[in-house]
Structure formats: structure tokens, C-alpha cells
Amino acid sequence: MWNYSETVMDHYRNPRNAGSIENADAIGEAGSLSCGDMLKLYLKVDKNGIITDAKFQTFGCGSAVASSSIMTEMIIGKHIDEARKLTNKQIAEALGGLPPEKMHCSVMGHEALEAAIANYYHEDVKTNADEEIICKCFDISKSFLENEIKTNNLKTVDEVTNYTKAGGACGKCRGRIQEILDSVNNNFQEAPKLTKTQMIIKINNIIEKYISPELRKDGGDIELIDVDENEIKVKLTGRCQSCSRSNLTLTHFVEAMLKEHINENIKIIQV
Amino acid sequence: MTDKKLIYLDNNATTKVDEKVLEVMLPYFSQYYGNPSSIYEFGGKNQRAIKEARETIKDFFGARSAKEIFFTASGSESANMAIRGILNADKSKNHLITTKVEHACVLNLYKQLEKEGYNVTYIGVNSDGELNTDELYAAVNEKTALVSCMYANNETGIIFPVEEIAQKVKSINKDTKVYVDAVQAAGKIKLDVQNTDIDMMGISGHKFHAPKGIGSLYVKSSVLLSPLVIGGHQENGKRAGTENVPFIIGLAKAAQLAQDALPYEATKVKELRDKLENGILSKIYNARLNSSAYNRVPNTTNIGFEYIEGELILLNLDDIGICASSGSACTSGSLDPSHVLKAMGVPFTALHGSIRFSLSRYTTEDEINYTIEKMPEVVNKLTALSPFQKELKELKERKGIA
């Protein structure tokens with residue numbers, strides 16, 4: 001049994017502004033049927049950019065309906081640029097709080113609002129098509145996670161799951177979420193520059209954990225020879241040595257991995 | 001606030017304690033509180049009361065001897081005691097078989113055993129929730145220590161052919177043990193272990209009108225089990241700890257009442273369940289029966305409502321006094337919808353909006369009529385909120401409702 005606030009209960013019992021708007025000036029969607037919740041938001045905007053009407057249709061639990069409902073109340077009468085500043089935290093606060101496991105409902109409300117405003121300005125809506133998907137169960141991209149971690153100051157994997165659902169089903173991506181948490185929270189504090197020894201240890205760890213296991217599957221491997229600032233000298237061994245595609249392996253896989261885990265300026269040199 | 005109506009249709013979650021059960025338990029709290037192991041008559045009479053209770057539970061299982069009956073604290077404990085007990089007693093085999101739709105108390109134990117080095121084969125079900133038994137038999141090999149299979153599924157009520165499974169498994173490997181989780185079958189259909197190849201069977205009292213905190217495990221006399229809880233000699237040295245006398249007495253009374261009520265379950269309870277099921281399916285176009293298998297326990301139905309979400313249905317039902325449960329992810333906080341419905345391949349349009357109604361011998365016709373009357377109102381209200389109006393319209397047309 002969830003400990004829902006009176007406001008949450010009032011809003012799912014008597015949803016405000018439920019329905020759709022014909023000839024809406026903007027429509028935004030978030031979530032999907034297969035993920036278990038989905039929200040469609042319709043806006044009517046006058047020539048001065050004021051939101052004169054907002055309606056929603058939600059497939060989801062009590063807190064999803066409540067988040068959608070209260071959000072429409074919060075944006076009606078506001079200028080669209082003003083509405084854009086609304087955060088998921090404000091939605092949750094207006095509801096008198098949400099159980100931690102239900103924070104993702106307020107995030108979904110906010111996502112739909114962003115999508116609707118982008119639609120109003122005819123901006124390209126970012127799709128997940130060319131993004132790295134971290135949580136395959138709920139189709140959640142890395143950049144989305146990074147953004148939510150920063151805005152909501154999330155510290156643990158469980159918090160990330162509560163706010164975004166990522167990692168909440170099969171749980172296979174929880175390790176990756178931890179890494180993203182580490183990298184976001186470290187970048188935040190401007191990570192100190194690593195000494196050469198620290199750099200070597202870090203690279204070797206990444207090789208051992210992510211790179212070698214893949215190369216070994218094809219009968220090859222990789223050896224770290226030297227590190228000079230961002231230039232990393234490596235040697236391919238085993239079958240990789242004679243492989244005609246070894247250059248591709250180096251740039252597309254090895255370099256990409258190290259760029260992701262260390263920094264964007266990493267350059268791989270084969271010796 | 002006026003007293004809210006209470007229509008309890010969640011009897012697979014737990015049941016009300018029968019007044020007659022409570023009545024026989026009460027004297028054992030502050031009147032006959034002696035320790036059954038004590039030498040004096042004040043304790044010794046409790047020993048005899050337990051003995052009598054064990055006889056009753058023996059009959060409830062249809063077991064051969066009261067020595068085959070052990071009292072536990074829950075269905076989960078019964079499962080752990082049986083499965084761990086077998087594996088600890090004989091470590092020569094490392095392969096286990098179970099189903100994808102077991103209750104968490106068995107499934108999570110198997111996940112743990114996998115971490116401890118056992119190989120586990122999980123057997124699937126068809127779209128009606130019936131077990132792929134051929135797949136199960138094909139998985140049995142000389143290293144298979146244990147097969148565990150539930151008697152009836154908690155979410156759908158589907159009955160698995162456990163007697164046949166036990167017999168076939170033994171014909172492939174006579175040393176493989178068979179554990180049956182009968183928590184959802186006990187009190188709903190007759191148990192009769194003695195002429196079967198089933199080695200162990202677990203039940204839980206609070207599913208058939210005994211209180212929470214008492215269960216039982218049947219272990220065939222030829223089966224060697226290592227104890228989980230070591231200490232005193234209670235339960236023939238298989239489960240230490242002073243006996244929970246009042247609850248054991250209560251369990252026996254509940255079992256006896258349930259046994260007597262089995263014909264009522266098979267007729268009247270089934271009739272009401274069918275009425276509820278047919279009422280909902282005929283009145284609500286986006287309702288679908290998640291299993292139409294003939295072989296179900298008489299009290300359970302699981303109905304999916306397409307394009308609306310289960311928690312919201314339950315919250316709205318709660319507002320009008322109806323208690324039910326859902327395989328929806330949102331109700332559990334796990335974010336992942338029911339593993340049972342997923343294993344059955346319930347379409348994702350209905351997966352998150354599936355509701356289980358489970359009746360008991362206390363369910364009345366008036367309650368069922370009220371539920372049939374109210375369900376369309378609730379579902380229509382939520383369907384109107386759904387963003388899938390186009391899909392709902394198509395569904396309505398497909399079903400030939402203008």
C-alpha cells in the first residue's frame with residue numbers, strides 16, 4: 001500500500017483537465033504502453049505565447065495521473081517559456097510529495113511538457129535512435145540519465161531507478177548506472193588530473209573489465225605499452241595481430257571505450 | 001466517516017480467520033500455556049493436543065502417517081525447509097528444475113541456489129498458463145536433485161498436474177525428489193499425497209482461514225531431510241523451537257473446516273467466480289480473460305483490462321470498498337510486471353492492467369453482484385483517461401460493439 005498524500009489521492013480521484021484538445025497548438029508524449037505508463041499532453045497557446053488550456057491523457061498508476069493532472073493546473077495561464085522552467089521536483093512538491101519509488105511519475109510529466117513545448121517551437125524532438133541505450137527494458141538513454149542525475153542530484157542506483165525507472169526491471173544495467181553516477185558526480189567536482197601511474201592503473205582496469213573479454217572471444221588480446229598524457233600506446237596480441245580489421249577494432253572499440261571512461265581526447269596509437 | 005463497505009476479493013493474498021478457528025485457539029494463550037515438552041500434566045496435555053492436530057493435518061494432506069507432518073511458520077518456510085533440507089542431505093547432484101511461474105518464495109530461493117553453484121532449469125507455460133510438461137521431462141537427467149512445481153498458481157489459479165509430474169520424473173530418475181508448493185491449492189481442492197510419487201508438499205494456514213504465521217510441510221517417510229533450524233528435539237528434530245501451540249491448534253481446526261467445505265468450494269464458490277468472470281467479460285469490451293484453462297482452482301480469476309493500468313483500477317476499486325490485486329508493476333514497486341503473466345505471454349496491452357479476483361467461502365452473491373455492477377463504471381472512467389483512444393475504438397469495433 002502506497003502512502004499517498006491527500007493531494008495525490010484527490011487528483012487521481014478527480015483528475016483535472018483530463019481529455020484531449022482538438023486543434024491543439026502543441027502535443028507532447030512521454031512513456032509507452034509496454035513500459036507501463038504513458039502520458040499525452042495537449043496545449044492551447046494564444047498569440048502572446050500564453051498557455052490558455054492544457055489537457056492530458058494518462059495510462060499509468062495513481063501518481064502518474066496525479067502528476068499529469070496537477071501539472072496541467074500549474075501551466076495553464078503561464079507563458080510557454082515560463083512553463084518550460086517547471087521541474088519534476090516542483091510537480092512532486094505541489095502534490096505534497098510522492099513515494100520515492102514513484103518519483104519517475106513526476107519525471108514523466110515533465111518529459112511530456114518538454115516534448116510539447118519542443119513541438120510548439122517546431123524543435124527537433126530528441127529521439128533515442130542514435131543514443132546509447134542504458135536500460136533496455138524501459139528504453140532509457142545515457143544522456144537522459146545523466147540529465148536526471150544532475151537535476152535531481154541523485155546519488156545511488158536506487159534513486160536513479162525511482163526517478164527514471166532505469167534498472168527497475170531485469171536489473172542488468174545497474175552496473176552501468178553506477179558508472180554513469182560515478183562519472184557524472186565526479187565530473188561535477190572537476191575530477192583532479194590523474195598522475196601517470198594512476199592513469200596506467202585506470203586504463204589497465206578498463207582493459208581488463210571491458211576490452212580484453214571481448215577481444216578474447218575472438219582469440220586475441222591487447223597489451224598496454226605506454227601512456228603519454230592522452231596518447232595511449234597499445235599492442236594487439238594473439239589473433240588480433242594478424243586481423244585485417246584490427247584498425248577498426250582499435251578506433252571503434254578500444255578508443256571509444258577509453259574515451260567513454262576517461263576523457264574525450266584519448267588517442268590510441270598501435271605500436 | 002461512515003463505515004466503508006468491504007468486499008474482500010483477495011483471498012489468494014490472505015483470508016479472514018474463521019471465528020471457529022479463533023475460538024479453539026484462545027484458551028491456549030493464557031489458560032493452557034504449558035510447554036508441550038514439560039513432564040507435568042499442564043504441559044503434557046498440550047503435547048496431546050498437538051498430536052491430535054498432527055493427525056488432522058495428516059488427513060488434510062491425505063498422508064499415510066502423522067510422522068510425515070511438520071509444523072512451520074509459513075509457506076515460505078515450508079519451501080525452504082524442503083528444498084534446502086533435500087540439498088543439504090545429499091550433495092551429490094547439482095541440477096534443479098522448477099517453473100517460471102512459481103511463487104517468489106520458491107523462485108527467489110532458486111535464484112539464490114544458482115549463486116551457490118546449482119544449475120537450474122526454469123520451465124515455461126503456454127498462453128493459458130499451463131505448464132510445458134514435456135519440456136520438464138526432457139530436462140530431467142541423472143544429476144537432477146529436485147523438481148519443484150506448484151500445485152496451483154497464485155495469480156491465475158491454474159492447477160498443474162503434480163501427481164503425473166512426480167510419477168514421470170521418478171520414471172526418468174528415481175532418485176530425483178519432488179517438492180510441491182500447495183499453498184494455493186490447500187482448502188480449494190482436495191490434497192491426497194499418499195498414493196503419489198510426491199516427496200514433499202508445503203501449505204500455509206492463512207490462505208484457508210487460519211491465522212498468519214503457521215504452515216505445514218509434508219515429507220514422505222522415506223525421504224531424508226536435513227534440518228534448517230537446529231536446537232531442541234521438537235518436530236522430530238527437524239525443526240527446533242518450542243511449538244506454537246495455539247496456532248497449531250488453529251491450523252488443524254481451519255484444515256478440518258476447509259476439508260468439510262471443499263464441496264461448497266467446488267460448487268458455490270466456483271459458481272460465484274464464474275458469474276463474476278462472465279459478468280465482467282460481457283459488460284466490458286476491453287476486458288480479456290488471462291487464462292481460460294478449464295483446470296483452475298474454483299475461486300480465482302485473472303482478467304486483463306486493455307489500455308488501462310492496474311494500480312489505478314485497484315485504487316478506484318478501493319474507493320468503493322472492493323479489495324483485489326494486480327500483477328501490475330506499479331503496485332509492487334518493482335517496476336516489472338507479473339512474471340507469471342509475462343511467462344504466459346499476456347499481450348503488453350493488458351499486462352499492466354491485469355486484476356486478480358479471488359473469492360472464498362465467505363463471498364456472497366450480493367458482493368459479486370455489486371462488483372459486476374461497479375466494474376464497468378470504474379473501467380469506463382479510466383478508459384476515458386487513456387491516451388490510447390484510437391486503439392480502444394478499434395478494439396470496440398473488432399468486438400462488434402458499435
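Three bridges join β9(B) to strand β10 (residues 300–305) of chain B, and the two strands run antiparallel. Within this pair, B:Leu289 stands opposite B:Ile303 of β10(B). The model described here is predicted.

The two strands belong to an open sheet of four strands in chain B, in the order β9-β10-β13-β12, with antiparallel pairing. β9 (287–289) and β12 (325–326) of chain B are at the edges with a single partner strand each, so one side of each has no neighbour in the sheet. In general, the strands of a sheet pair through backbone hydrogen bonds, in either the parallel or the antiparallel sense.

## Domains of chain B and their contact

Domain 1 of chain B puts 23 residues into the contact and domain 2 of chain B puts in 21 residues.

Which elements of chain B each supply at least two residues of the side of domain 1 that touches domain 2? They are α8 (245–283), β10 and α11 (339–344) of chain B. The largest share of that side, five residues, comes from α11(B). By class, the side of domain 1 of chain B that touches domain 2 of chain B has eight nonpolar, 12 polar and three charged residues.

## Where chain A meets chain B

The contact between the chains takes 22 residues from chain A and 21 residues from chain B. On the side of chain A that touches chain B, the elements giving two or more residues are α1 (6–13), β2 (37–45), β3 (51–59) and α2 (62–75) of chain A. β2(A) gives the most, with four residues.

The residues on the side of chain A that touches chain B divide into 10 nonpolar, seven polar and five charged.

## Domains of chain A

For chain A the assignment gives domain 1 (6–120), domain 2 (133–188) and domain 3 (196–270). The C-alpha centres of domain 2 of chain A and domain 3 of chain A lie 26 Å apart.

## The helix pair α2 and α5 of chain A

Besides its part in the side of chain A that touches chain B, α2(A) packs against helix α5 (residues 103–120) of chain A at an angle of about 45°, with the axes 8 Å apart. α2(A) and α5(A) are therefore oblique to each other, and α2(A) passes α5(A) in a right-handed crossing.

In this contact, A:Ser63, A:Ala64, A:Ser67, A:Ser68, A:Met71 and A:Ile75 of α2(A) meet A:Cys105, A:Ser106, A:Met108, A:Gly109 and A:Leu113 of α5(A). These residues divide into six nonpolar, five polar and no charged.

## A three-stranded sheet in chain A

Three strands of chain A form an open sheet in the order β6-β7-β8, and the pairing is mixed. The edge strands are β6 (220–228) and β8 (267–270) of chain A, each of which pairs on one side only. Direction ignored, neighbouring strands of this sheet are turned by 35° against each other on average.

Strand β7 (residues 231–238) of chain A pairs with β8(A) in the parallel sense over four bridges. The bridge partner of A:Val234 in β8(A) is A:Gln270.

## Helices α9 and α11 on this sheet

α9(A) packs on the sheet and touches β6 and β7 of chain A, and its direction makes about 165° with that of β6(A). α11(A) lies across β6, β7 and β8 of chain A and runs at about 145° to β8(A).

How do the two helices stand to each other? Helix α9 (residues 196–217) and helix α11 (residues 246–261) of chain A pack at an angle of about 120°, with their axes 11 Å apart. α9(A) and α11(A) are therefore oblique to each other, and their crossing is right-handed. The contact is made by A:Ile203, A:Ile206, A:Tyr210 and A:Ile211 of α9(A) together with A:Val254, A:Met257, A:Leu258 and A:His261 of α11(A). Seven of the residues in the contact of α9(A) with α11(A) are nonpolar, one is polar and none is charged.

Key:
Residues numbered from 1 in each chain as written. Chains lettered and ligands numbered in written order. Predicted model: local features only at pLDDT ≥ 70, side-chain atom pairs only at ≥ 80, totals over all residues. Contact = placed C-beta atoms within 7 Å. Nonpolar A, V, L, I, M, F, W, Y, C, P; charged D, E, K, R; others polar. Domains from an automatic or database assignment. Axes fitted to C-alpha atoms, helices over the stretch in contact; angles between N-to-C directions. Parallel < 35°, antiparallel > 145°, perpendicular 65-115°, else oblique. Left-handed = near helix turned anticlockwise from the far one by under 90°. Pairing = 2+ DSSP bridges.
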